[in-house]
Structures are given as C-alpha cells and as structure tokens.
Amino acid sequence: VEDFANHSVLRLARNLPPGSLLIDAGVFDGTDWSLMGILAGATVIGFEPLLENRKLIDDRLPVRLSEYDQTSAHTFLHIEPGEAVPRLDWKSVFKEGSRAGHSYIMTAALGERVRALNMTTRYDYSSISDQGYLTGPPNMQVEEIAMTTLDDTIGPYLPFDHIDLLKLDVEGYEMGALRGAEGLLADGRIRFLVMEFHPGMLGSSGTDPEGLLHF
C-alpha cells in the first residue's frame with residue numbers, strides 16, 4: 001500500500017514518534033489524520049460530534065487499517081451535551097504503554113466554552129457556523145451535540161502535559177476552538193498546529209481571517 005502521507009502535510013502525523021499525542025478536531029471518517037496517527041503509534045484524541053460521521057468511522061477506518069495489516073483501533077467516548085468530558089473515567093479506558101496507536105474519539109465539538117447546542121447538518125456537510133448553503137435544502141437535519149474545550153480536556157480529564165500535534169478542521173469555527181485552548185497556547189503546551197484556513201467560512205462565524213492569523 002502506498003503511504004499517501006509521504007506526499008502531503010499528513011506526513012506530520014505519520015512521522016510522529018510512538019506515544020505522541022495527536023488531537024484530531026473534525027475527524028469525519030478517520031481515514032486521514034487519525035489513520036496516520038494510529039499508524040505512527042501515537043495516542044490520537046479525536047473530536048467528532050455527529051452520529052452519521054461516527055458511523056462512517058466504524059465503516060471506513062477499519063478497512064483502511066486492514067490495508068496496513070492492522071486491526072481496528074478506535075474507541076468512542078461519549079460526552080453528554082452540556083458536559084465537558086466523558087463520564088467514563090480515563091484510567092478505565094487507557095492503560096499506559098498498552099494502547100499506543102489507538103484513537104479515542106470524543107463525541108463532541110471543540111469550541112470556546114462548554115455548552116449544548118443544536119448543529120445543522122446536511123448529508124455531505126456540517127458546521128457549527130451559520131453557513132448560508134445549509135439553510136433551505138429538504139435534507140437538512142438538526143442534531144443536539146456537546147461542545148467542550150481543549151483547556152477543559154487536556155489536564156483536567158486527559159493526563160497529558162502537552163499536545164504534540166493539533167489538527168483543526170472545523171469548517172469555519174477554528175477561532176472558537178483556539179479560544180478554548182488559550183491556556184494551553186499561553187503555556188506553550190501545543191508543539192505543532194495545522195488548521196484549515198478558509199476566509200469565507202471564517203467570516204460566517206464572525207471571525208476576521210486576518211485576526212485569526214494574528215491570534
């Protein structure tokens with residue numbers, strides 16, 4: 001199998017040392033950043049709030065892993081809307097040194113604060129931001145989801161002192177996710193950041209694209 005990560009920014013995930021911490025915000029089906037992190041032997045913490053996308057993870061990620069002769073390596077951790085972290089104790093899920101190369105996927109979105117919200121979705125697209133093309137089509141759905149922050153997750157729930165690689169692809173809500181990680185950023189506890197930069201989507205969430213770059 002050709003490792004497509006060698007030809008893209010995904011090589012940052014594929015070349016992580018075993019045991020590194022990768023945050024994959026906006027997992028979708030798990031077949032890019034999460035896959036590369038698992039193959040590298042990293043601990044991957046994913047954030048995917050939508051049920052339909054989590055079904056895609058169940059369907060597609062094991063198939064891609066099998067192409068590398070690896071078995072399924074993901075676990076969903078449910079977060080109730082309005083709560084910051086899973087009710088399941090982290091120590092009951094993770095055993096030090098035994099689950100490297102595994103993705104733990106939180107059923108929440110990342111943002112600037114902890115809250116419950118209704119998220120508008122379409123069969124092929126979703127966003128916390130108010131994207132104009134999500135209004136009107138008959139195949140729209142609304143799903144109640146949880147939002148949490150990295151500052152509420154890394155440290156208080158997950159016993160990691162830093163993030164080796166943070167990937168943000170949250171369809172225009174990147175500033176919100178960064179606002180929820182101000183403590184980690186201020187302390188220099190995020191080593192590498194990769195994020196989508198789409199001025200149109202950012203503007204729909206009230207973010208000044210140039211302001212995001214200065215942030």
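Which residues are buried in helix 2? They are Trp-33, Ser-34, Leu-35, Met-36, Gly-37, Ile-38, Leu-39 and Ala-40. Please keep in mind as you read that this is a predicted model.

**Helix 2 and the chain around it**

Helix 2 spans residues 33-40 and is mostly covered, with eight of its eight residues buried. Just after this helix comes Gly-41, whose phi is positive, at about 90°.

The chain has 215 residues, and 48% of them count as buried. Its accessible surface comes to about 10200 Å², and carbon and sulfur atoms hold 50% of that area. As for contacts with a separation of 6 or more, 71% of them are between residues 24 or more positions apart.

**Aromatic pairs around Trp-90**

A pair of aromatic rings is described by the distance of the centres and the angle of the planes. The count of such pairs in this model comes to six. Two of them share Trp-90, and the table sets them side by side.

| Pair | Centre to centre | Angle between planes | Type |
|---|---|---|---|
| Trp-90 and Tyr-104 | 4.9 Å | 70° | edge-to-face |
| Trp-90 and Phe-160 | 6.3 Å | 65° | edge-to-face |

Let us take the pair with Tyr-104 to begin with. Trp-90 sits in helix 4 (residues 90-93) and Tyr-104 in strand 4 (residues 102-106), so this pair links distant parts of the chain, 14 residues apart. Why does Trp-90 count as buried? Its relative accessible area is 4%, and buried means under 20%. Tyr-104 is buried too, because its relative accessible area is 0%, again under the 20% cut-off.

Now for the partner Phe-160. Why is its pair with Trp-90 edge-to-face? The planes of the two rings stand at 65°, and an angle over 60 degrees counts as edge-to-face. Phe-160 lies in the loop between helix 5 (150-153) and strand 9 (163-168), while Trp-90 lies in helix 4, so the pair ties together parts that are 70 residues apart in sequence. Both Trp-90 and Phe-160 are buried.

How values were computed:
Residues are numbered from 1 along each chain as its sequence is written. This is a predicted model: local features need pLDDT of at least 70, side-chain atom pairs count only at pLDDT 80 or more; totals for chains, interfaces and linings use all residues. Side-chain values use heavy atoms; hydrogens and water are left out. Rings of Phe, Tyr and Trp (its six-membered ring) pair if their centres lie within 6.5 Å; planes under 30 degrees apart count as stacked, over 60 as edge-to-face and the rest as tilted. Helices (H or I, at least four residues) and strands (E, at least two) are DSSP runs, numbered from the N terminus. Buried means under 20% relative accessible area, exposed over 50%, partly exposed in between (1.4 Å probe, protein chains only). Contact means heavy atoms within 4.5 Å. Accessible areas come from the Shrake-Rupley method with a 1.4 Å probe; for residues, only the protein chains shown count as cover.
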